[in-house]
Structures are given as C-alpha cells and as structure tokens.
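Hello,

Here is the structure we spoke about, with the sequence alongside. My notes on what was found follow below.

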Amino acid sequence: QIMKPMMTLALPALLFATIAQAQTTPPTAAAQISGNPAAAPAGTYELDGRHASVIARISHLGASLSVFRFDKIAGKLDWVPANPSQSKVSVEIQTASITSNVPGFAEELSKAPWLNTAKYSVATFASTAIRTTGPSAGVISGNLTLMGVTKPIQITARLFGAGKNTK
C-alpha cells in the first residue's frame, strides 16, 4: 500500500536557536550565549545552516511515524526583542537535501507523487505572527509552501540561546 503524501514539517524547535547574527568574533574568544530572548540585540539574523536542519515526519501506514530531515536550509529572523510579535521569520528549504536512515526512503520521497524535487526544488516558510507563551517559548504562525501549495501552519518554538557568531 502506498502512503498518501501527508507530511508535517517541524522547523527546528525554535528558529532563533540556530540563527546567528553576521558578526565576527576572534576564534579564541569564548562565545557569550544567553537563553534570554531580550538579550539578543534587535536586527536581522541569518540562519546558521551548519547547525540547523528541518525535521519532517510522515505516517507509515498509520502504525508509526517515519522521520527524515532536510539539511540545506537558509533563513532569516528580523528580531524585535522589545516586542517579539513584531518579529518576522522566513526559511527556504532545498527539498532535494532530504535524508533518512532508511535505505532508499529519501530517494523515494524525492520523486513524484511525493516531493517531486525535480519540479519543486524549494519549500518556503514565512511567518505571519509570533506569539510568546513563556520567557523563552512561543508559537510561530505562518505560511508553508510545499510543492506549489501554500497552507497555514503553526510551529511551537523555544529559544535555546543567542549570542555573537564565533566563526
């Protein structure tokens, strides 16, 4: 039996967790990381693709979930710490970067009728609202475009830490 193309994408637990401001610090300097969102200066932050992925799950015949990930992503956060609800998040996912620990699974999902990465090489997410639910937690609402279809989704988000990029 073939699975229907039902997919839920869960962006990283909080995009803030992997977004680093384009600042340079000497490699010998210790990173100063804070779990307090208000400690991150206002500005535009870029997703650090070396430390981020998008995790996705699909139903496996209704008996379990198959998990896979997309490794090539880019994104940015326009951060307003004084009023996080005014912040914006956008992410672009290269759909052909799908990987799985099940041999052949990612290759199968890359084809039609699933992701059809030859035709739909990019999936996007753009926030429409950000709501804080705790000191370092929130819900990001937005539009996910996958295979040319745009649908509203909500992402439960958590700040792990923010600080200057030490690369």
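Salt bridges

Asp71 and Arg69 join their side chains in a salt bridge, at 2.5 Å from N to O. A salt bridge here is a side-chain nitrogen of Lys or Arg within 4 Å of a carboxyl oxygen of Asp or Glu. Please note that this is a predicted model, in which local features need pLDDT of at least 70 and side-chain atom pairs count only at pLDDT 80 or more, while totals for chains, interfaces and linings use all residues. Residues are numbered from 1 along each chain as its sequence is written, and side-chain values use heavy atoms, with hydrogens and water left out.

Asp71 is partly exposed at 27% relative accessibility, and Arg69 is partly exposed at 38%. (Buried means under 20% relative accessible area, exposed over 50%, and partly exposed in between, with a 1.4 Å probe and protein chains only.)

The structure holds two salt bridges. In the other, the side chains of Asp48 and Arg50 meet at 3.3 Å, N to O. Asp48 is buried, at 14% relative accessibility, whereas Arg50 is exposed, at 57%. Side chains of opposite charge can pair when their charged atoms come close.

Aromatic rings

There are two aromatic pairs. Phe68 and Phe70 have ring centres 5.9 Å apart and planes at 75°, so this pair is edge-to-face. Rings of Phe, Tyr and Trp (its six-membered ring) pair if their centres lie within 6.5 Å; planes under 30 degrees apart count as stacked, over 60 as edge-to-face and the rest as tilted. Phe68 is buried at 2% relative accessibility, and Phe70 is buried with a relative accessible area of 2%. The rings of Phe68 and Phe105 have centres 6.0 Å apart and planes at 80°, so they are also edge-to-face. Phe68 lies in strand E5 (residues 64-70) and Phe105 in helix H1 (residues 105-110), so the pair ties together parts 37 residues apart in sequence. Helices (H or I, at least four residues) and strands (E, at least two) are DSSP runs, numbered from the N terminus. Phe68, Phe70 and Phe105 form one aromatic cluster.

Strand E6

Leu77 in E6 is the bridge partner of Tyr45.

Regards

Key: Two strands pair if DSSP finds at least two bridges between them.
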